[in-house]
Amino acid sequence: EEAPRPEPGAREVLVRVHAAGVNPVDWKIREGKLGQVPFPSIMGSDFSGEIEAIGPGVEEFRVGEMVFGSVADASGSYAQYALAPVSHIVEKPKQIDHVKAAAITVPAMTAWQALFDEAKLSAGQRVLIHAASGGVGNFAVQFAKWKGAYVIGTASGSNADLVRDLGANEFIDYRKTKFEEAVRDVDVVFDTIGGDTQERSWKVLKK
């Protein structure tokens with residue numbers, strides 16, 4: 001439906017959205033699993049697009065610049081226009097198209113926060129990353145490798161080359177091998193699956 005074009009506030013930009021990311025949190029919100037959402041509501045967090053207007057105090061960006069990132073709290077990326085704080089956006093590299101750029105922010109932020117803000121992963125540690133070929137897992141593999149950790153990734157066998165190319169030191173095909181029989185004494189388990197996978201993962205952690 002038609003909605004008023006939002007106006008950027010202080011330290012915000014108005015973005016003409018070229019592509020929006022779809023994440024698990026979106027269907028959880030739609031199904032009411034994360035509490036009541038006030039209506040009307042525009043869904044979507046991450047996006048890629050072109051700056052249409054800038055608010056007061058914005059000096060880092062200019063109108064017409066291509067950027068990607070995540071929206072302001074009161075905005076949504078499933079729209080023609082969205083608002084974003086300057087702290088939530090970066091310039092889009094020319095070699096990445098809008099569709100790929102729109103798929104980066106939330107998965108990458110999820111992996112970064114889990115590995116470094118929560119797990120405090122450091123160089124030389126061993127990390128087991130489940131679903132290493134997934135939207136979040138593939139960033140986790142790259143970040144952990146960049147940090148200097150020893151990375152073990154699980155996924156289906158068809159994704160073995162992808163996971164190794166991302167930087168994994170070891171690959172486990174979860175359909176053929178029980179990871180808890182092949183791995184032990186890891187410092188961190190990165191798990192986006194939960195359930196039985198999480199229960200079995202306790203066995204591979206260091207005391």
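Author: Val13 stands opposite Ala84 in β4, where strands are DSSP runs of E with at least two residues and helices are runs of H or I with at least four residues, both numbered from the N terminus. The model is a predicted one, in which local features need pLDDT of at least 70 and side-chain atom pairs count only at pLDDT 80 or more, while totals for chains, interfaces and linings use all residues. Residues are numbered from 1 along each chain as its sequence is written, and side-chain values use heavy atoms, with hydrogens and water left out.

Reader: Which residue of β4 is the bridge partner of Val15?
Author: Strand β1 (residues 12-20) pairs with β4 in the antiparallel sense over five bridges, and two strands are taken as paired if DSSP finds at least two bridges between them. Val13 faces Ala84, and the bridge partner of Val15 in β4 is Ala82.

Reader: Which strands lie at the edges of the sheet?
Author: The sheet is open, has five strands with antiparallel pairing, and runs in the order β4-β1-β2-β3-β5. Two of its strands pair on one side only, and these edge strands are β4 (81-85) and β5 (89-91).

Reader: Is Glu65 buried or exposed?
Author: Glu65 is placed in the loop between β2 (46-54) and β3 (66-70). Leaving aside residues up to four places away in sequence, Glu65 touches Gly49, Glu50, Ile51, Glu60 and Glu91, a contact being heavy atoms within 4.5 Å. Because its relative accessibility is 7%, Glu65 counts as buried.

Reader: Against which elements do the buried residues of α4 pack?
Author: In helix α4 (residues 137-147), the buried residues are Gly137, Asn138, Phe139, Ala140, Val141, Phe143 and Ala144. The elements they pack against are α3 (105-118), β6 (126-129), β7 (150-155), α5 (160-166) and β9 (188-190).

Reader: Why is the pair of Trp112 and Phe116 given the class that it has?
Author: The structure holds five aromatic pairs, in which rings of Phe, Tyr and Trp (its six-membered ring) have centres within 6.5 Å, with planes under 30 degrees apart counting as stacked, over 60 as edge-to-face and the rest as tilted. Trp112 and Phe116 are four residues apart in helix α3, about one helical turn. Their ring centres are 4.6 Å apart and their planes stand at 70°, so the class is edge-to-face.

Reader: What is the class of the pair formed by Phe139 and Phe143?
Author: Both residues, Phe139 and Phe143, lie in helix α4, four residues and about one turn apart. Because the ring centres of Phe139 and Phe143 are 6.1 Å apart and the planes are at 35°, the pair is tilted.

Reader: Which residue lies over the face of Phe116?
Author: Phe116 belongs to a cluster that ring pairs form with Trp112, Phe139, Phe143 and Trp146. A charge sits over a ring if NZ of Lys or CZ of Arg is within 6 Å of the ring centre and within 35 degrees of the ring normal. At 5.6 Å from the ring centre of Phe116, the residue over its face is Lys147.

Methods:
Buried < 20%, exposed > 50% of the residue type's maximum accessible area, 1.4 Å probe, protein only.
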